[in-house]
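Trainee: I am new to this structure and would like to learn how its features are read.
Mentor: Let us look at it together, and take the features in turn.

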Amino acid sequence: MDDMKQAHAFPFWGEGEAPPKTEGVREPDERGFAAIVKIFARTWPYLLPQVIGYWRDVPRSRLAGDGEAGEDASNEDESADGWSFRHVPPLVTVLTAIGPLTGWLPYGTDWPHDLLLAATGLMTILTWALLFLKGRAYVGVSLALALVGTAALLFAVFAVGGLADNMAVGLVALGCVCIWVLQYRIDRGRFRLRVRLGSHLVYYFALVWAATLLTMVIALFSVDLISQSILQAEPLTPFLADFIGRPELSGGSAETPEAREGPPANVDLELLTTEQRHSLKWVYAVFMVGSWIALIPSAMFLPYYYIFIMQRVNQDLRTALLDRWHRLSIRYHSDHRVGDSVYRLYQDSAQVTAVIGTITQAAQLLNTYVIGVVFLAALDPILGTIALSVVVLALVWGRWYSPRMREKSLTSREANSDFTSRLQESFAAVRIVKAYGASEPEQERLVQDSITAFNASFRVRSLMAIVGVVTFTLAAAALLGGQLLMAVWAQGTREVFAAVLVGLVGLSFMKWNLAAYNWAQDQLGASSESVRSLVTLWAQAQDMAMGLDRVFDILDIEPDVKNDPNAPPMPPFVREIRFSHVDFAYEQDRPILRDVSFAVEPGTVTAIVGPTGSGKSSLMSLLARLFDPDSGSVSIDGVDLRKLDVDSLRHNVSFALQENVLFGMSVRDNIRYAVPDASDDEVYRAAHVACVDEYIAGLPQGLDTVLSDRGGKLSTGQRQRLSIARAVIKDAPILILDEPTAALDAHTEHRVLERLSAWGESRAIFLITHRISTIRQADRIVYLDRGAIVESGSHDELMQFDQGRYRNLVETEGRLTKRSDDAGAARLPEGGA
């Protein structure tokens, strides 16, 4: 395209031109928050396998000495097939009793230990309750148990000194986890165990939680060490002094003697000496390097693990989408462009990985934000209010941009889908494009669709950029206001709001100082950044939701042909195929077949004849249940096809279609497409029946010769015979040939039909054709006109009808053939014959 057109199509400023089909066709999508969440919730069935994983039997050789390894077990509820976790509640009860009996969790010494003891008792009660619950109640109590256990562990680590309490709570939590990961049963007197594996999302979030916790601990104590002790010579808190093994550097101001066992170390120490501060520099350096080394494994492993999980989920969704796409009727595929299906399958379905990533990031950001708000409120409620105000403003802003983002996103996806369809159609029709010299018009259409797709996507990205700028402005305003207040407070002697709790944790800033300012600034900044990132994620989520909505549109379509899950397989074909008063229409007001009735026996060849559009191919499609009749029935040996298993039925019906579709793989794989495990001898026998064996023998690599896409280098006749060979190798009792010899010369046609007749002695063969030479080979001829059978019988019988449709067809072709021969003879020079 020239420079002026390109400048108009892709302007530096503005949205660019858009064709009428995508301009102004939609109002903003007014679906609310609940509708978008519901779309995301529909991804749960594809996440669930990565949450619950699978059961694996522990090898019996380790338990019973019989050497048998266990097999994969499906996900089952407790008590299914005798598996149980009844051993867990008694185990947890014993572990809970260990705390007070050993003194790890003493009773009555102080309220933190009493609180931990109560938490472990509650965990024990919930564990016993799970034995008697099912369904939603079971899930609810399980979640409550997880929350109580997590809260107890955090409180033991951060709020209670020493390691004994951590050990006691950790053992109880570990016992509770056995409900999820370990079950047993007694199998014929043998004790068997199974463990749950493959719960990748559970493992991932546990690792994320552990890494986040470690990062918070590192940040919390490093800021206190450098801001207060190294820079301002303040003594270390007793907890931090004990942690680094320098109790002589603690000062008693951070906590009262009652808050710890024993007297504080060196309560008279007011300021650190220069030597002590210099020694702490090396402690700080070693601490940071050690922390960095500790975080390296999670930083390297978690991104890889996340991609691994997401690709498994995406594969499951694509497989489900492809399975549903294959089960949809020909009616659906006739009404939809191939490129649209490709885009939904490849691009829209990939949004499921983005959704999970968004949920993961949102959970982490919400965690950061909530923790930040709690810490800020502990320092001063005003800071907590400032952090909360950012959320309120973000919600108001989100209410405006969300519907507009969905509208633009859906338009963008449809425009890109149209462009994909245009590409597919252009590539598929390359012979026609070249033959008609239509390269320039086709190029213009491609360019126009490309511009449409680009501009539609650009509008989405532009709105997303605006969302980011506005949200950044709101967050920055809150951050600057909070920093101003904190700077004023840090210059005075203002106490923090929750001074007792801060001292209990072991930090030094019970009053506003440099450490408090730095910590609060970091938390306010992290909270504001979390809100800004959440708004950006929500904007991206609108685009993801529209992509997933297009995927679920296909998954929600019920196939026209439904298979009864209890349907029996098709029995051997021995008596007849019968069409009884069959009516069928693609659209209600345009009937295709009307009151069609006839029967076919095995060992016969039936020709389906009639004018173009009379319903011949539609009639045969009913036999393979590509469609179901609107009324009447199609039966095999007296059994309605709708009562048979669809896959079994189609296994017994073989097609050679009029389109002669071949694939870009070897000749061998093309012939045995429906029977992948067929031997070379079977391939050669099928090729012999189709009279394509001599052609294959002349190929450079024989059966290993790889065909071009759609068999583009083969003649139509060669493709036709390969299609017949592919139908023959299936060895089905019913064979349908749609225009099988249309591209064959008379000699080859005669050979193919002769061999097919010999091969099909015990089979029912249907021929859809207009060629009289082919029709004559049939035992019976069914003549269709406007969807109804007007004549039926053998060739000789139908030729007896004066003014008969079939007789008229034969005579018309005979006259046309004679004229053609006479015209050819007239053009020959005298004596040339």
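Mentor: We begin with the salt bridge, which is a side-chain nitrogen of Lys or Arg within 4 Å of a carboxyl oxygen of Asp or Glu. Please keep in mind that this is a predicted model, in which local features need pLDDT of at least 70 and side-chain atom pairs count only at pLDDT 80 or more, while totals for chains, interfaces and linings use all residues. Residues are numbered from 1 along each chain as its sequence is written, and side-chain values use heavy atoms, with hydrogens and water left out.

Trainee: How many salt bridges does the structure hold, and which residue forms one with Glu811?

Mentor: There are 24 salt bridges in the structure. Glu811 pairs with Arg807, their closest N and O atoms lying 2.9 Å apart. Helices are DSSP runs of H or I with at least four residues, numbered from the N terminus, and because Glu811 and Arg807 are four residues apart in helix 28 (residues 805-827), about one helical turn separates them. Arg807 also meets Asp802 in a salt bridge, at 2.8 Å from N to O.

Trainee: Is Asp802 buried or exposed?

Mentor: Buried means under 20% relative accessible area, exposed over 50%, and partly exposed in between, with a 1.4 Å probe and protein chains only. Asp802, at 63% relative accessibility, therefore counts as exposed, whereas Arg807 at 24% is partly exposed, as is Glu811 at 32%.

Trainee: Which residues are linked with Arg344 in a network of salt bridges?

Mentor: The network links Arg344 with Asp340, Asp348, Arg413, Asp543 and Arg550. Within it, the side chains of Arg344 and Asp340 meet at 2.8 Å, N to O, and both residues lie in helix 12 (residues 338-348), four residues apart, or about one turn of the helix. Arg344 is buried, with a relative accessible area of 12%, and Asp340 is likewise buried at 12%.

Trainee: Which residues have the most contacts inside the largest nonpolar core?

Mentor: A nonpolar core is a set of buried Ala, Val, Leu, Ile, Met, Phe, Trp, Tyr and Cys residues joined through side-chain atoms within 4.5 Å. The largest one here has 43 residues, and those with the most contacts inside it are Val667, Ile671, Ile696, Leu722, Leu756 and Ile781. Helix 24 (residues 716-729) contributes the largest share of this core, six residues. Apart from this core lies another, of 33 residues, including Leu302 and Met546.

Key:
Helices (H or I, at least four residues) and strands (E, at least two) are DSSP runs, numbered from the N terminus.
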